[in-house]
Amino acid sequence: MAGLWELPGGLLAAGEESKDRAPELLREAVGLEVRELESIGRIEHVFTHRRLALEVFRAKALPGARVRIAGFTAHRWLEPDALLA
């Protein structure tokens, strides 16, 4: 889906819980260590050739945490209300 914004994440293996795996996936994707992980919803989208299911979490980054964007061309922080626009 070239050119579209992407949330950091990854795939789960059978039997894995997203809340248990999310901190590791976030660390691997953008280098952030997080705490106080809270599920805030689920989004499902069906494309003509694929089904995408995302669970969205709210978390706090550890003090001094910095985003590492290896493999990404840019990143941007958004206020929660901006996601509703």
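## Overall fold

Read along the sequence, the protein follows an α-β-β pattern, with 1 helix and 2 strands in total. The model is a predicted one. Helix 1 covers residues 18–30, strand 1 covers residues 34–46, and strand 2 covers residues 51–61.

Taken along the principal axes, the C-alpha atoms fill a box of roughly 40 × 30 × 25 Å. Of contacts between residues at least 6 apart in sequence, 40% join residues at least 24 apart.

## Surface and burial

The protein has 85 residues, and 12% of them count as buried. Its accessible surface comes to about 7200 Å². Carbon and sulfur atoms account for 55% of that surface.

A nonpolar patch on the surface is formed by L7, I43 and L54, which together have about 270 Å² of accessible area. One of these residues, L54, sits in strand 2. L54 counts as partly exposed because its relative accessibility is 31%, a value between the 20% and 50% cut-offs.

## Contacts of E55 and S18

E55 is also a residue of strand 2. Its relative accessibility is 32%, so E55 counts as partly exposed. Leaving out residues up to four places away in sequence, E55 touches S18, S39, G41 and R42. E55 and G9 are 46 residues apart in sequence, while their C-alpha atoms are 9.5 Å apart in space.

S18, one of the residues touched by E55, belongs to helix 1. Is S18 buried or exposed? S18 is buried, because its relative accessible area of 18% is under the 20% cut-off. With residues up to four places away again left out, S18 touches L12, E55 and F57. The contact between S18 and E55 therefore pairs a buried residue with a partly exposed one.

## Charges and salt bridges

The side chains include 12 positive and 13 negative ones, and the centres of the two sets lie 4 Å apart. The count of salt bridges comes to 8.

Which residues form a salt bridge with E36? The side chain of E36 meets that of R35 in a salt bridge, at 2.6 Å from N to O. E36 also forms a salt bridge with K60, where the closest N and O atoms are 3.6 Å apart. This second pair links distant parts of the chain, with K60 in strand 2 and E36 in strand 1, 24 residues apart. R35 counts as partly exposed because its relative accessibility is 35%. K60 has a relative accessible area of 44%, so K60 is partly exposed too. The backbone of E36 has a positive phi of about 55°, although E36 is not a glycine.

A further salt bridge joins R51 and E44, the closest N and O atoms being 3.3 Å apart. Are R51 and E44 exposed or partly exposed? R51 counts as exposed, because its relative accessibility is 51% and the cut-off is over 50%. E44, at 48% relative accessibility, counts as partly exposed. Elsewhere, salt bridges that share partners join E16, R21 and E24 into one network.

Note on methods:
Residues numbered from 1 in each chain as written. Predicted model: local features only at pLDDT ≥ 70, side-chain atom pairs only at ≥ 80, totals over all residues. Heavy atoms only, no water. Helix = DSSP H or I, 4+ residues; strand = E, 2+ residues; numbered from the N terminus. Buried < 20%, exposed > 50% of the residue type's maximum accessible area, 1.4 Å probe, protein only. Contact = heavy atoms within 4.5 Å. Areas by Shrake-Rupley, 256 points an atom, 1.4 Å probe, with all protein chains shown as cover. Lys, Arg positive; Asp, Glu negative; His and termini not counted. Charge placed at Lys NZ, Arg CZ, Asp CG, Glu CD. Patch = residues over 30% accessible without salt bridge, like charges linked within 9 Å, V, L, I, M, F, W, Y side chains within 5 Å. Salt bridge = Lys/Arg side-chain N within 4 Å of Asp/Glu carboxyl O.
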